[in-house]
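Work through the exercises below with the sequence and the model open beside you.

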Amino acid sequence: AASLGNDGRTLGDRNAPTLTYASLVPPSGEDEDGAYIGGLFHDGRAATLEDQAKQPIVSPMEMALLSPAAVRERVLANPAYVNAFERLLGPASLATPDSALDAVATALAAFERSAEFSSFDSKYDRYLRGEATLTREEELGRILFFSDLVNCSQCHLLDGRADQAGETFSNYRYHNIGIPPNARVRATNADRRPDPGLAGHPDVGTAGERGRFRVPSLRNVAVTGPYMHNGVFRDLRTAIVFYNRFLVENAASEINPETGRTWDDPEVPETVDLDLLKQGQPLTEQRVAQLEAFLRTLTDRRYEPLLGP
């Protein structure tokens with residue numbers, strides 16, 4: 001659920017978001033209503049791919065090259081890197097520590113903007129182009145996903161229109177959907193306070209944004225578990241069933257299928273978006289299966305072998 005740091009011991013307490021389709025995340029900022037939108041990382045603190053690429057490299061929790069000078073030293077130690085950077089980005093690209101870090105970020109971001117990261121060749125994309133046919137369960141799940149019977153499309157469509165080519169299945173806004181803490185991951189960290197989410201963004205920081213995280217893309221969601229910003233759910237089905245907690249009258253009796261117990265309380269209860277979460281109808285077992293079948297069709301062709309039965 002969380003990634004191991006360069007020291008072989010340190011764990012973060014966030015589930016690393018996918019880099020597929022990350023180049024299509026809009027820059028961080030505010031929409032016309034003043035709501036925060038876009039940016040990389042779960043809290044949007046990086047405005048661009050270049051900004052995002054730099055932070056893990058120098059983070060003591062991750063790659064732990066603790067300064068631009070350390071990054072430059074690492075690059076200069078590899079003649080092939082020196083040759084490539086100076087040939088492709090110019091002889092000044094490695095002249096200073098800051099320029100070296102910028103060059104590394106520029107290279108990473110250029111690769112992440114390539115078609116290899118945003119292929120749009122899933123079964124769903126092929127269906128839109130008339131190159132594939134959905135099964136009955138997949139088609140019913142597609143219809144359900146885009147309908148008003150469930151609230152999936154409230155957050156997981158960019159402009160609210162169904163079946164648009166190039167859809168990344170996120171509106172890139174920020175919500176608190178009542179995710180419980182991942183107790184096992186949190187127990188590994190000395191700082192066990194609730195994750196502030198968007199409130200931890202250096203340009204936001206307001207208490208009213210605590211516990212809000214950017215809506216993730218659903219591209220490749222069936223092969224990128226565990227789920228939610230803290231990896232608290234192992235299976236995709238659990239992540240779907242979780243929403244019933246807010247939709248059924250006797251929610252206290254709803255069971256987390258992974259623990260066999262009732263759902264744990266939200267980590268940050270005061271900002272849960274209940275008005276949003278209570279939209280739609282409760283999910284029956286049949287509807288859960290249909291939604292899962294549709295979400296599996298969002299898997300890029302090269303990852304389809306990972307789907308299993």
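Contact here means heavy atoms within 4.5 Å, and helices (H or I, at least four residues) and strands (E, at least two) are DSSP runs, numbered from the N terminus. This is a predicted model, in which local features need pLDDT of at least 70 and side-chain atom pairs count only at pLDDT 80 or more, while totals for chains, interfaces and linings use all residues. Residues are numbered from 1 along each chain as its sequence is written, and side-chain values use heavy atoms, with hydrogens and water left out.

**Exercise 1.** Determine which residues of helix 2 and helix 4 meet, and how the axes of the two helices cross.

Start with the contact: P68, A69, V71, R72 and V75 in helix 2 meet P97, D98, A100, L101 and V104 in helix 4. By class, this contact holds eight nonpolar, no polar and two charged residues (Ala, Val, Leu, Ile, Met, Phe, Trp, Tyr, Cys and Pro count as nonpolar, Asp, Glu, Lys and Arg as charged, and the others, Gly among them, as polar). Next, take the axes, which are lines fitted to C-alpha atoms, for helices over the stretch in contact, with angles that run from 0 to 180 degrees between N-to-C directions. The axes of helix 2 (residues 68-76) and helix 4 (residues 97-112) come within 8 Å and cross at roughly 70 degrees. Helix 2 is therefore roughly perpendicular to helix 4, since angles of 65 to 115 degrees count as roughly perpendicular, under 35 as roughly parallel, over 145 as roughly antiparallel and the rest as oblique.

**Exercise 2.** Carry out the analysis for helix 6 and helix 11, beginning with their axes.

The axes of helix 6 (residues 136-145) and helix 11 (residues 285-296) come within 7 Å and cross at roughly 100 degrees. This makes helix 6 roughly perpendicular to helix 11. On the helix 6 side the contact includes L140, L144 and F145, and on the helix 11 side it includes L291, F294 and L295. The residues of this contact divide into eight nonpolar, two polar and four charged.

**Exercise 3.** How many residues has the largest nonpolar core, and which of them have the most contacts inside it?

A nonpolar core is a set of buried Ala, Val, Leu, Ile, Met, Phe, Trp, Tyr and Cys residues joined through side-chain atoms within 4.5 Å, where buried means under 20% relative accessible area, exposed over 50% and partly exposed in between (1.4 Å probe, protein chains only). The largest one has 31 residues, and those with the most contacts inside it are F145, F169, M228, F233, F294 and L295. Helix 6, helix 9 (236-241) and helix 11 are the elements that give two or more residues to this core. A second, separate core of eleven residues includes V71, V82, A100 and L101.

**Exercise 4.** Is N256 buried or exposed, and which residues does N256 touch when those up to four places away in sequence are not counted?

First locate N256, which is found in strand 5 (residues 255-256). Because its relative accessibility is 8%, N256 counts as buried. With residues up to four places away in sequence left out, N256 touches F233, T238, R261 and W263.

**Exercise 5.** Describe the backbone at F41 and at the bond between G225 and P226.

F41 has a positive phi of about 75 degrees although it is not a glycine, and F41 is found in the loop between strand 2 (36-37) and helix 1 (49-58). G225 and P226 are joined by a cis peptide bond, with omega about 0 degrees.
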